[in-house]
Amino acid sequence: MICHGCGRDVQVADKVFRGDMCPGCGRPLHACLNCALHDRNAHNECREPQSEWVPDRAKANFCDWFRPREGGGGGPAGQVGPNPGQARKKLDDLFRK
């Protein structure tokens, strides 16, 4: 997985535990921003409908649904998903003649 905080590639052997920290920046790995189910547009910001609300997505939590996000959590500063400016530009370009 790739740390949402620093973008470092972190090798995960079997499971990510609540106390596991990124060796690059020291941020928790078992956090919503590193989870494959995290989605800012979904209910509770999670694609798992049974998940509970987590107030700080960058902090470690006890979520049983956690799955390491393959390929990264969006890069530094917790930016998840595409750049909104780029998405808007692509949409505008689509409708230009």
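Thirteen residues, given as 13 in the cavity search, line the largest cavity, and C32, C35, C46, R57 and C63 lie nearest its centre. This cavity holds about 90 Å³ of space. The model is predicted, and local features were taken at pLDDT of at least 70.

R57 also takes part in a contact with an aromatic ring. The residue lies over the face of W53, at 4.7 Å from the ring centre.

The secondary structure of the protein comes to one helix and zero strands. The helix, α1, spans 84-94. Several residues described here belong to the segment before α1, including N44, E45 and D64.

Backbone geometry stands out at two of these positions. Most residues other than glycine have a negative phi. N44 has a positive phi, near 60 degrees. E45 likewise has a positive phi, near 60 degrees. The two residues were then assigned by accessibility. N44 has a relative accessible area of 18%, and because the limit for buried is under 20%, N44 counts as buried. E45 is at 22% relative accessibility, so E45 counts as partly exposed.

The relative accessible area of D64 is 76%, which is over the 50% limit, so D64 is exposed. D64 and S51 are 13 residues apart along the chain. Their C-alpha atoms are separated by 8.5 Å.

Totals for the protein complete the description. The protein has 97 residues, and buried residues make up 33% of them. The accessible surface comes to about 6800 Å². Carbon and sulfur atoms account for 51% of that surface. Contacts were also sorted by separation in sequence. Among those between residues at least 6 apart, 53% join residues at least 24 apart.

Methods: Residues numbered from 1 in each chain as written. Predicted model: local features only at pLDDT ≥ 70, side-chain atom pairs only at ≥ 80, totals over all residues. Heavy atoms only, no water. Helix = DSSP H or I, 4+ residues; strand = E, 2+ residues; numbered from the N terminus. Buried < 20%, exposed > 50% of the residue type's maximum accessible area, 1.4 Å probe, protein only. Contact = heavy atoms within 4.5 Å. Areas by Shrake-Rupley, 256 points an atom, 1.4 Å probe, with all protein chains shown as cover. Lys NZ or Arg CZ within 6 Å of the ring centre and 35° of its normal. 1 Å grid on protein atoms, 1.4 Å probe; cavity = no way out; pocket = protein on both sides within 12 Å on 5 of 7 lines; lining within 4 Å. Points joined across faces, edges and corners; volume = space filled by probe spheres on them.
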